[in-house]
Amino acid sequence: MAEFTPSGLPLRVPQANLAPALRDDTPTQPDLEEDDDERSPEEIRAMMGSFQSGTRLGRTEAAKMMDEQSGGES
């Protein structure tokens, strides 16, 4: 017999439609452990800033190339 939520929707049963071989309770991902190679928030901020600067530079260069191409055709 199916159970329902107060709003009348069927209650979700996790992994109910999985093949029996996939239903085991062993985790597929390793547990999150303290790694020595974790980055600090400052390192991540610097990396993202570099990424953002690079994308801005690339867009600026692409716009210049498009202007040069369209300017030479007229």
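Helices (H or I, at least four residues) and strands (E, at least two) are taken here as DSSP runs, numbered from the N terminus.

**Entry 1: ground rules.** I am working on a predicted model, where local features need pLDDT of at least 70 and side-chain atom pairs count only at pLDDT 80 or more, while totals for chains, interfaces and linings use all residues. Residues are numbered from 1 along each chain as its sequence is written, and side-chain values use heavy atoms, with hydrogens and water left out.

**Entry 2: whole chain.** I looked up burial, where buried is under 20% relative accessible area, exposed is over 50% and partly exposed lies in between (1.4 Å probe, protein chains only). Of the 74 residues, 0% are buried. I noted an accessible surface of about 7500 Å², with 55% of that area on carbon and sulfur atoms. Areas come from the Shrake-Rupley method with a 1.4 Å probe; for residues, only the protein chains shown count as cover.

**Entry 3: before the helix.** I checked Arg12, which sits in the segment before helix H1 (41-73). Arg12 counts as exposed because its relative accessibility is 67%. Its C-alpha atom is 9.7 Å from that of Ala2, 10 residues apart along the chain.

Arg39 also lies in the segment before H1. I list Arg39 as exposed because its relative accessible area is 53%. Leaving out residues up to four places away in sequence, Arg39 touches Ile44 and Met47; contact means heavy atoms within 4.5 Å.

**Entry 4: in the helix.** Ile44 belongs to helix H1. Ile44 is partly exposed because its relative accessible area is 42%. With Met48 and Phe51, Ile44 makes a nonpolar surface patch of about 330 Å².

Thr60 is in helix H1 as well. I put Thr60 down as partly exposed because its relative accessible area is 41%. Which backbone oxygen does the side chain of Thr60 reach? I find that of Arg56, at 2.9 Å.

Conventions: Patch = residues over 30% accessible without salt bridge, like charges linked within 9 Å, V, L, I, M, F, W, Y side chains within 5 Å. Salt bridge = Lys/Arg side-chain N within 4 Å of Asp/Glu carboxyl O. Polar contact = N/O pair within 3.5 Å; in protein donor to acceptor, adjacent residues only side chain to side chain.
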